[in-house]
Amino acid sequence: MSRSTKQSTLMTETPIRMCTPPYAEIVDECTKYICVNNQLILFNKSQSCPFTAEPPNCGLLGFAVLVNGDKCCPKWDCPCRCSMFPDLNVITFDGDSFAIFKAASYIVTQLPNETLSVLIRECPADSEIPLIWNFTNLCLVSLNITHKSNHVVINRLQRRLYVNSRYAKPRFKKYGFEIYDTGNMYLIRSPAGLKVQWYHSTGMMVIDTDSSGSKLPTMGLCGFCDGDITNDLTLPNGTILGVSKDPTMFIDSWQVPNTTSYVSYSRRREHNCSTSDCSRCLAMLEDNTFTPCHTFMPPSTFCEVWVRDSEYVNNQCVALAAYVASCHKFSICIEWRRPDYCPFVCPGTLSYQACLPACTSQSCPNHDSDSNPDHCSGLTEGCVCPKGTLLHRPYSALCIPTEKCACTDSSGVPRAHGEVWKASKDGCCMYRCDNDTIVPVEYNCSSMPAPVCHRTGEMIISMSDDTSCCPHKVCVCNQSLCDHFPPECKYGEKLVSYYRPDSCCPDYVCECDPELCESEIPTCREDQTLLATRANGSCCLAHICMCSSCVEMPPSCQDGEVLSVDRNSTDRCCPSYQCVCEPYRCPQLSCLVGMSVVSVSSPNVCCPNQTCECTCEKVISPKCSLGEAAQLDWAFLSDPQNQCACKRYKCVREAVCVFGERGLLRPGQTLVEHGDDGLCYSRHCSQVLDPMSGFYLLRTSTVNCSGHCQPNQIYVPPKDQSTCCGVCKNISCLYQHENGTIGLYK
């Protein structure tokens, strides 16, 4: 194939336009003109993709997802999407299928730090349940998501959300969770990246990994999310159950222990459409009603699931409900039910609707919740409010007229504009809805008479009863107004109160009660005496052991000693005392400057004898810096505190100039330094005192000695280092030419 022929497969030719390479014109983000052989050729990137740009048909998994974000060369892949149909048939992440037939709790998806489980129970027959189930006898009741220490439970039948055991309202956004009730389904996003759609009316649940770039390491009933159907039935211990094997062992392995409440029959049939007759299924789906979905959900694909499920084979309504639920993933609306064929029975006044938008619902405007959730699509069938009514809240199953959206009272009951209602059982607390605002309605109780209280300690209080909305005022006793408080009775006494007809305040007295006395006679030691007494007029006799007076007096302690009791005699009436020496208690002698304390210990004396002696050698003299001289400190020598006449020196600055750390110059002295570059540095110590430093000012000057030499001379430094500049020595002759130029000659 020639080069031009190859280019024709990638480029669409247009009328010839001449150009000079390199040249390009951008048409849009996928198309541009490029210059080839001096001609402009239209190049379309979408026609040269290394892979198929059309999305694949993923069948039971639903729409394919874009994994590279390239609009010109989009790369598609089947999603990691697990579905649990209303009849509890499960489609795993990679497309395998099985049916749950036991009422228990199951781990559906498990990640390293997150677990999603469901509770399956027998469908309730109570008429108060808002929906009547007509699929099988088992229902998906609640969803349980645990992420690290946070726990979320959603009960679909009660329409209740609990976060860490506390009730919460959708929309809930905290701890990485986002939970939204659209009115037709729950939409849940977990911290680990799972997205769950759980439909209210049917109970169908769809779980996505919500990750287009990488596969999450999932385990559980939904299987591995890796595109390989052969390893989806993996047990918790890592054992893989073959695709053709009975999945009962796999289902039981992911069941939460000790949660089974009911066991039905296994729906598994070891058949497939290659070896068994699927004509009934194909004929059932060939009806024109289901034709719009055939492109997205081929009948042959669904019939492979049908032939393996006895419930689908025996119950056409259950099978068609599962097929239509698969079509709803592609937003394909199919109206197939009739009152006499597979009816969907709705409770009360609710009416059936074949195709409901899963992400929105007709409800009152609510400023407390967000708008429609992002990245949400799909249809569902279910029950809706009667004509002329709408949901009070998306997360509520209450249908109300439009005018009832004006107000919502504290109990959550909707109210119309101008409506007055009672907020208490007695009907006395009333409110009115006024222009979307709730205002209180008060009773006028100003005409109620007040009684006159005559007894001491009485007060007027208002008491309500069931006969009137205004409180009745009555006189009642309030002993907190009494001046007399009950006395504190002694041991063996009891408190007795008496009341008078003209007072609410009691009179208190303490009376003896021998039954309150406890007669216990102690056993005294040999150094004690038993005595019986009534202390402070008590009613009861008290027996005590008394000690006699001690003859031996405690010793007198000296300085540094503390009086201590002998531990072996603490339980005696007269304990033994002794003086214990504690040196840190001894007084410390303070000496004058130039003197030190000298301690002399003596036997049998706790504190040593202290005297002050001269120690002039310990007086510290300063270390003087450059330019300073040590001078005797006469003030210190004549200080009365210096009784030892110790000498101390201080640093005094001399009359010099300080040249950094290099040395000193006396006033009038000059230091000359010669540089290799012919510069002469002269530093002269002046007679002017610098008040900042305390030294004389050092004046510095610089002379360029070599700058005085002619071009035919060289500079020779002086032999006398005290002289600043040397001499210029001739090394050649200068000659001026007729044209004015100057030359050098030896």
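Predicted model: local features only at pLDDT ≥ 70, side-chain atom pairs only at ≥ 80, totals over all residues.
A residue is called buried here when its relative accessible area is under 20%, exposed when that value is over 50%, and partly exposed in between. You will find Arg 337 in the loop between helix 6 (316–328) and strand 23 (351–357). Its side chain has two partners to look at. One is the backbone oxygen of Cys 342, which the side chain of Arg 337 reaches at 2.8 Å. The other is the side chain of Glu 381, joined to that of Arg 337 by a polar contact of 2.9 Å.

From here, let us turn to the cysteines. A disulfide is a covalent bond between the sulfur atoms of two cysteines. With sulfur pairs within 2.5 Å counted as disulfides, the model holds 32 disulfides.

Start with Cys 82 and Cys 222, whose sulfur atoms sit 2.0 Å apart in a disulfide. The torsion about their S-S bond is about -75 degrees, so this disulfide is left-handed. Cys 82 belongs to strand 7 (residues 81–84), while Cys 222 is in the loop between strand 21 (205–208) and helix 2 (248–253), so the bond ties together parts that are 140 residues apart in sequence. How accessible are the two ends? Cys 82 is buried, with a relative accessible area of 3%, and Cys 222 is buried too, at 1%.

The next stop is the disulfide that joins Cys 407 to Cys 433, with an S to S distance of 2.1 Å. Here the angle about the S-S bond is 75 degrees, and the link is right-handed. Because Cys 407 lies in strand 27 (residues 407–408) and Cys 433 in strand 30 (residues 430–434), this pair ties together parts that are 26 residues apart in sequence. Cys 407 is buried at a relative accessible area of 3%, and Cys 433 is buried at 1%.

In what sense does strand 30 pair with strand 31 (residues 437–441)? The two run antiparallel, and their pairing extends over 5 bridges. Within this pairing, Asp 434 stands opposite Thr 437 of strand 31. The hairpin of strand 30 and strand 31 has 2 residues between the strands, and Asn 435 takes a positive phi near 50 degrees there.

Cys 614 is in strand 41 (residues 609–614) and Cys 644 in the loop between helix 7 (634–637) and strand 43 (649–653), so the pair ties together parts that are 30 residues apart in sequence.

Finally, here is a cysteine without a bonded partner. Cys 733 is in no disulfide, and the nearest cysteine sulfur, which belongs to Cys 728, is 16 Å away. With a relative accessibility of 46%, Cys 733 counts as partly exposed.

Terms used. Residues numbered from 1 in each chain as written. Heavy atoms only, no water. Helix = DSSP H or I, 4+ residues; strand = E, 2+ residues; numbered from the N terminus. Buried < 20%, exposed > 50% of the residue type's maximum accessible area, 1.4 Å probe, protein only. Polar contact = N/O pair within 3.5 Å; in protein donor to acceptor, adjacent residues only side chain to side chain. Pairing = 2+ DSSP bridges.
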